[in-house]
Amino acid sequence: MAQRAFPNPYADYNKSLAEGYFDSAGRLTPEFSQRLNNKIRELLQQMERGLKSADPRDGTCYTGWSGMKHWPACIFYSRLIHLNKIDPHAPNEMLYGRMGYIYALLFVNKHFGEEKIPLSHIQQICETVLTSGESLARKRNFTAKTPLMYEWYQEYYVGAAHGLAGIYYFLMQVGGDYGETLKCAFVDYVCQLKFPSGNYPPCVDDNRDLLVHWCHGAPGVIYMLIQAYKVFREEQYLSDAYRCADVIWQYGLLKKGYGLCHGTAGNAYAFLTLYNLTQDMKYLYRACKFAEWCLDYGEHGCRTPDTPFSLFEGILHTLVSTSLLDT
């Protein structure tokens with residue numbers, strides 16, 4: 001992990017250090033808020049200049065114009081419901097598969113009303129995911145460890161982007177009679193994969209404790225753990241989430257860049273999520289410090305992403321994460 005991250009130069013939370021960032025109610029100070037807004041304006045100008053040379057053929061959310069433009073969901077929700085005849089061979093992961101579809105359906109209901117997409121339709125997709133996981137677990141002899149298993153490009157991924165943690169996180173958003181089965185199948189199984197450091201492997205049976213990314217590692221698994229704690233109220237899940245946060249604090253200032261998928265801004269989200277759950281000021285402070293790191297965008301010698309203005313890899317997510325801190 002250490003070779004892929006910059007050493008964290010910041011002292012951890014104490015009340016006096018936090019006074020320069022937020023007050024006792026968690027409201028950002030005017031000075032820090034102004035610093036964030038100034039950087040947002042600067043990066044927006046940089047992004048506007050850079051988009052003149054962006055690939056006009058890339059329409060994906062991951063690296064292309066769909067992510068850049070944040071297309072209004074109201075344009076698409078009427079079409080989403082007609083995508084229910086999903087290819088039976090479609091993957092189950094988030095970025096290219098059924099979990100991404102479920103996310104879109106949940107997003108529409110959250111922002112446009114619960115009945116835009118019937119819950120029965122969403123649960124039908126979840127049942128397809130469960131059936132797929134049961135089938136693969138039997139086929140690949142995982143049933144002694146877990147009744148469900150998923151793969152992406154012949155790998156049994158663990159993290160949020162392609163793996164078990166991301167799939168279970170979204171299934172828990174929906175709920176249903178399969179809750180206890182999934183608890184056994186995913187949360188407890190994934191927790192058993194934890195390294196002594198508190199981090200998680202990118203794939204099942206991968207013993208390399210290297211990646212601290214949203215896509216692979218603790219910064220993505222933490223969301224599954226937090227959601228499991230909300231649903232099942234088991235303290236062990238919250239304890240494991242705290243350990244994820246400590247890993248991110250120590251190794252989350254990534255040399256790979258600033259984006260969502262594998263960057264410092266994406267890692268900062270974990271602190272905000274844990275703060276929203278616990279109201280522990282330590283996690284708001286940590287989010288502020290990672291945001292402060294991103295205020296020096298481009299000055300740390302990070303690698304330049306292949307798509308430097310995209311949502312998942314580039315400037316856009318740095319803009320999104322810093323603006324969320326100021327809301």
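**Reading the model**

Mentor: Of the 327 residues in the protein, buried residues make up 54%; buried means under 20% relative accessible area, exposed over 50%, and partly exposed in between (1.4 Å probe, protein chains only). This is a predicted model, in which local features need pLDDT of at least 70 and side-chain atom pairs count only at pLDDT 80 or more, while totals for chains, interfaces and linings use all residues. Residues are numbered from 1 along each chain as its sequence is written, and side-chain values use heavy atoms, with hydrogens and water left out.

Trainee: How many helices and strands does the protein have?

Mentor: Helices (H or I, at least four residues) and strands (E, at least two) are DSSP runs, numbered from the N terminus. Here there are 13 helices and zero strands. As for contacts, the term means heavy atoms within 4.5 Å. Of the contacts between residues at least 6 apart in sequence, 64% join residues at least 24 apart.

Trainee: At what angle do H6 and H7 pack?

Mentor: Axes are lines fitted to C-alpha atoms, for helices over the stretch in contact, and angles run from 0 to 180 degrees between N-to-C directions. H6 (residues 119-139) and H7 (residues 164-174) pack at about 145 degrees, with their axes 10 Å apart. From H6, Leu119, Ile122, Gln123, Cys126, Val129 and Leu130 meet Ile167, Leu171 and Val174 of H7. The residues of this contact divide into eight nonpolar, one polar and no charged. In that count, Ala, Val, Leu, Ile, Met, Phe, Trp, Tyr, Cys and Pro are nonpolar, Asp, Glu, Lys and Arg are charged, and the others, Gly among them, are polar.

Trainee: Which helix gives the most to the lining of the second largest pocket?

Mentor: On a 1 Å grid over the protein atoms alone, a pocket is an open set of points where a 1.4 Å probe fits, with protein on both sides within 12 Å along at least five of seven lines; lining residues have an atom within 4 Å of a point. Grid points are joined across faces, edges and corners, and a volume is the space filled by probe spheres set on the points. The second largest pocket has a volume of about 340 Å³. H6 gives the most to its lining, with three residues. The lining has 15 residues, of which His89, Ala90, Pro91, Asn92 and Glu151 lie nearest the centre. They divide into eight nonpolar, five polar and two charged.

Trainee: Is Leu238 buried or exposed?

Mentor: Leu238, in helix H10 (residues 235-251), counts as buried because its relative accessible area is 8%. Leaving aside neighbours within four places in sequence, Leu238 is in contact with Tyr229, Leu274, Leu277 and Thr278. Leu238 and Ile226 are 12 residues apart in sequence and 6.3 Å apart in space, C-alpha to C-alpha.

Trainee: What is the phi of Tyr153, and what is that of Gln279?

Mentor: Most residues other than glycine have a negative phi. Tyr153 is not a glycine, yet has a positive phi of about 50 degrees. Tyr153 is in the loop between H6 and H7 and is exposed, at 62% relative accessibility. Gln279, also not a glycine, has a positive phi of about 60 degrees. Gln279 sits in the loop between helix H11 (264-278) and helix H12 (281-295) and is partly exposed, at 47%.
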